[in-house]
Amino acid sequence: MEPADMAMVQAAFTSNWIAPSGPDLDAFEKEFAAKVGARHATAVSSGTAALHLALKVTGIQPGDEVICSTLTFVASANPIRYLGATPIFIDSDRETWNLNPALLAEFLEKRARIGRIPRALVLVHLYGQSADIKPIKELCDRYGVIIVEDAAEALGATYHGKTPGTFGRCGIFSFNGNKIITTSGGGMLVSDDPILVQQAKFLATQARDHEEYYQHSQIGYNYRLSNILAALGRSQLRVLDARVAARRETFARYQELLDGIDGLEFMPEASFGRSSRWLVCVLIDPVRFGMNHESVRLALGAENIEARSVWKPMHMQPLYEGCERIGGAVAEQLFDQGLCLPSGSNLPMYDLERVVAVVRRCAGRV
Ligand SMILES: *Cc1c(COP(=O)(O)O)cnc(C)c1O
C-alpha cells in the first residue's frame with residue numbers, strides 16, 4: 001500500500017463517515033462500474049458474499065443445478081451450496097486453463113435431449129485470464145442458462161478489449177488481500193440490470209422493507225462494505241493499471257530468465273485478450289524437468305521463498321465428492337504439475353532472481 005491509500009482512509013475518518021454507508025461507498029461503486037464498463041455495481045464485504053448475492057438475485061433456488069468450472073478456488077462453488085443448489089463441475093481447456101466450451105456444448109446438448117437444462121453457470125476467469133466467453137455465452141443463450149461470472153481473479157484482464165465479469169447477467173470481483181487490488185477484504189457485484197443490483201444491495205443490508213420502522217419480509221444478510229474500506233478501494237482503483245503492468249512485467253521477466261528449461265512451461269496467454277498475470281503459474285513435468293512441482297516448492301521453501309500449488313479442482317475435493325462432473329483430466333494435470341511462483345506487484349528484481357536461481361538449480365541448470 002502507498003501513502004495515497006492512507007490519505008484516502010484518513011480523509012474518510014476525518015469526514016466521520018465510518019460505517020456502513022457514506023460518500024466513498026457510493027463513489028467507489030460508480031468509479032468501479034465505470035472502470036470495468038458495467039452499468040451498475042454494489043460493494044460488499046467479500047467476493048464470496050458478492051457471488052452468493054449474484055446467484056440469489058438471478059433466482060437460484062434449492063434443488064437447482066448450477067454448472068461451475070472445476071479448476072478454481074472453493075469460493076466459486078460454495079455459494080451454489082449456500083442456496084441449496086447442486087453444482088456440476090466442468091473441466092478446463094488446456095490452452096486457457098478455463099472452462100472448456102466444447103465440453104459445455106456436449107453437456108448441454110445431452111441435457112437438452114432429456115429436457116433437464118441446468119439453471120445457471122458460474123464462469124470463472126482464472127489467474128488473471130479470461131475464459132473464452134463468446135462461445136460460452138452463445139451456448140448459454142441458446143439453452144437459457146444464466147451466466148454469473150466469477151472474475152475475482154481477473155480484474156485488469158481483457159476479453160476482446162472488454163472486462164471479463166461484464167458479459168453475464170452478473171459478475172463479481174474480489175478485493176481480498178491476495179488479489180491484484182485490495183481493501184483488505186471486500187467484493188463487488190456488477191450488472192447492467194439496475195433491478196438486480198438494487199436487489200443485491202437490499203439483501204446485503206438485512207433486507208429491510210421501505211417502512212419507517214424495522215420490518216422485514218425476506219431473509220437478508222449483513223454484507224455491505226464499510227465506507228472506510230470503500231475509500232481504500234477508490235485509491236486502489238487508481239493503481240490498478242500500474243499493477244497489471246507490473247505483474248505482466250514480472251511474468252515476462254520470469255519467462256525470460258527461465259526460458260529453455262525442458263519440462264517447465266508457463267501458463268499460456270490466450271489470443272483473445274490480455275491476462276493481468278495475477279499469478280505467475282508454471283507447469284513442471286516431473287520426467288522432463290527431473291523433479292516434481294512439490295519438490296521444487298520444498299526447495300523454494302528451504303530458501304524461505306513461498307510458492308503454492310495450483311487450485312485443487314472442485315471435483316477432487318472431499319466437500320464435493322459425488323457431484324456430477326464433465327471431464328476433469330485437464331484440471332487434474334494442471335493441479336498435478338502446477339506451481340504458483342511469487343508474483344506480487346512489488347516483487348523486487350533481487351527477489352525474483354533468487355526464485356529463478358532455485359528453480360534453475362532444481363532443473364540442474366546452475
Ligand atoms: C478470491 C476468490 C473468490 C472469493 O473472494 P473473497 O473476496 O476472498 O471472498 C472467489 N472466487 C475466486 C476464483 C477467487 O480467487
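A residue counts as buried under 20% relative accessible area, as exposed over 50%, and as partly exposed in between. The close-up views below all come from a predicted model.

View 1. Because lysine 137 and aspartate 141 are four residues apart in helix α6, about one helical turn separates them. Aspartate 141 is exposed, its relative accessible area being 53%. Another salt bridge joins the side chains of glutamate 138 and lysine 134, with 3.4 Å from N to O. Glutamate 138 and lysine 134 are likewise four residues apart in helix α6 (residues 133–143), so about one helical turn lies between them. Glutamate 138, at 44% relative accessibility, counts as partly exposed, whereas lysine 134, with a relative accessible area of 51%, is exposed.

View 2. The side chains of aspartate 24 and arginine 234 meet in a salt bridge, with a distance of 2.9 Å from N to O. Aspartate 24 belongs to helix α2 (residues 23–36) and arginine 234 to helix α8, so the pair ties together parts that are 210 residues apart in sequence. Both aspartate 24 and arginine 234 are buried. In the whole structure, a search finds 23 salt bridges.

**View 3. The contact between domain 1 and domain 2.** The domain assignment divides the protein chain into domain 1 (3–239) and domain 2 (241–362). The contact takes 46 residues from domain 1 and 40 residues from domain 2. Taken over C-alpha atoms, the centres of the two domains are separated by 25 Å. Between them, domain 1 and domain 2 bury about 4000 Å², with 60% of this area on carbon and sulfur atoms. Across the interface there are 29 residue pairs in polar contact, counting pairs in which both residues have pLDDT 80 or more. On the side of domain 1 that touches domain 2, at least two residues each are supplied by β2 (65–69), α4 (78–82), β3 (86–90), α5 (101–113) and α8 (227–257). Sorted by class, this side of domain 1 has 20 nonpolar, 14 polar and twelve charged residues.

**View 4. Salt bridges at the domain boundary.** Side chains of opposite charge can pair when their charged atoms come close. Between domain 1 and domain 2 the count is three salt bridges. The side chains of arginine 111 and glutamate 324 form a salt bridge at 3.0 Å from N to O, and a network of salt bridges links Glu65, Arg111, Arg116 and Glu324.

**View 5. Glutamate 269 and its contacts.** Glutamate 269 is found in the loop between β8 (264–266) and β9 (280–284), and at 32% relative accessibility it counts as partly exposed. When neighbours within four places in sequence are left aside, glutamate 269 is in contact with Gln129, Arg248, Arg274, Ser275 and Arg277. The side chain of glutamate 269 makes a polar contact of 2.6 Å with the side chain of arginine 248, and it also reaches the backbone nitrogen of serine 275 at 2.8 Å.

**View 6. Helix α3 and its two ends.** Helix α3 (residues 47–57) is mostly covered, since nine of its eleven residues are buried; among them are Leu51, His52, Leu53 and Val57. At the N-terminal end, serine 46 caps the helix, with a side-chain oxygen 3.4 Å from the backbone nitrogen of threonine 48. After α3 comes glycine 59, whose phi is positive, near 95°.

View 7. Most residues other than glycine have a negative phi. Histidine 160, however, has a positive phi near 45°; this residue sits in the loop between β5 (146–150) and β6 (170–174) and, at 54% relative accessibility, counts as exposed. Asparagine 304 also has a positive phi, near 65°, and its place is in the loop between α10 (293–302) and β10 (308–309). With 72% relative accessibility, asparagine 304 counts as exposed.

**View 8. Serine 343, a buried loop residue.** Serine 343 lies in the loop between β12 (338–341) and α12 (349–362), and it is buried, with a relative accessible area of 7%. A polar atom of the serine 343 side chain lies 2.4 Å from the backbone oxygen of leucine 341. Leaving aside neighbours within four places in sequence, serine 343 is in contact with Arg247, Trp278, Leu279 and Val280.

Key. Residues numbered from 1 in each chain as written. Predicted model: local features only at pLDDT ≥ 70, side-chain atom pairs only at ≥ 80, totals over all residues. Heavy atoms only, no water. Domains from an automatic or database assignment. Contact = heavy atoms within 4.5 Å. Buried area = accessible area lost by both parts, 1.4 Å probe. Salt bridge = Lys/Arg side-chain N within 4 Å of Asp/Glu carboxyl O. Polar contact = N/O pair within 3.5 Å; in protein donor to acceptor, adjacent residues only side chain to side chain. Nonpolar A, V, L, I, M, F, W, Y, C, P; charged D, E, K, R; others polar. Buried < 20%, exposed > 50% of the residue type's maximum accessible area, 1.4 Å probe, protein only.
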